[in-house]
Amino acid sequence: MKSRLRLLLAPLALLSSPALAQIDVDALPPPDPVDAEIRNIVAHGPQGIDIAPDRRANLSGCEGTTALGVLQAIQSCWPVLETYRANAPLVAAMDAWMQLPPAGQTVAGPESRTAVAAAEHVIAQASPRLYPAQDVPLMIAHMALAMIDGAQGNLESKIAHFTTARQIHASSRITDDKFTGGGDDIDRQIAEARAEQARREASGKK
């Protein structure tokens, strides 16, 4: 994946490719404080961020599309903050799942069930994509489901979730080039899954 996407959305990059799981996210050099803060929130949750109850109905800060706008939305928009709070257990669950040996990832064990439930919660929280900043956790959720489904042999579902992630990426209102530059890697994941599906179908005909 292009490094500019990895720097802003390191957990998203890690989810997109098992090979990237060996990268020490915290060792990646932050390009600037805003990107570093978003990366930290995506990886560890919006720790210490809250919105007073009497301000939660104020949605004026929800529409940010730049990196700074996304960060401000997390800090001031209740629906967005709730989405990033839901994302933190997903990232933790995916980390636990990726620590399993390959054989453990191919079965529906407690780690995968926890991750699937967390991903489905994020999807429910982020739909119907009312605010741009929600697209980041929503993509992570679909890419997580794609990884789990692929490991368990469900290539159709893997392709479907990666395709959904790509559609979210393509239609997102987020304009920061560190986000918009990552579509090629998702396309590669889709192409690789389709190629594997074709190989399986060809092998089954023999």
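The link between cysteine 62 and cysteine 77 is right-handed, with 95° about the S-S bond. Cysteine 62 lies in the loop between helix H3 (33-44) and helix H4 (67-76), and cysteine 77 in the loop between H4 and helix H5 (78-98), so the pair ties together parts that are 15 residues apart in sequence. The model is predicted.

How far apart are the sulfur atoms of cysteine 62 and cysteine 77? They sit 2.0 Å apart and form a disulfide. A search of the whole structure finds one disulfide. Are cysteine 62 and cysteine 77 buried or exposed? Both are buried.

Now to the backbone. Most residues other than glycine have a negative phi, and most peptide bonds are trans. The loop between helix H7 (110-126) and helix H8 (135-151) holds proline 128. A cis peptide bond joins serine 127 to proline 128. Its omega is about 10°.

Arginine 129 is also placed in the loop between H7 and H8. This residue is not a glycine, yet its phi is positive, at about 60°. Is arginine 129 buried, partly exposed or exposed? Its relative accessible area is 27%. Buried means under 20% and exposed means over 50%, so a value in between counts as partly exposed. Arginine 129 is therefore partly exposed.

| Site | Angle |
|---|---|
| serine 127 and proline 128, cis peptide bond | omega about 10° |
| arginine 129, positive phi | phi about 60° |

Definitions and conventions
Residues numbered from 1 in each chain as written. Predicted model: local features only at pLDDT ≥ 70, side-chain atom pairs only at ≥ 80, totals over all residues. Heavy atoms only, no water. Helix = DSSP H or I, 4+ residues; strand = E, 2+ residues; numbered from the N terminus. Buried < 20%, exposed > 50% of the residue type's maximum accessible area, 1.4 Å probe, protein only. Disulfide = S-S within 2.5 Å.
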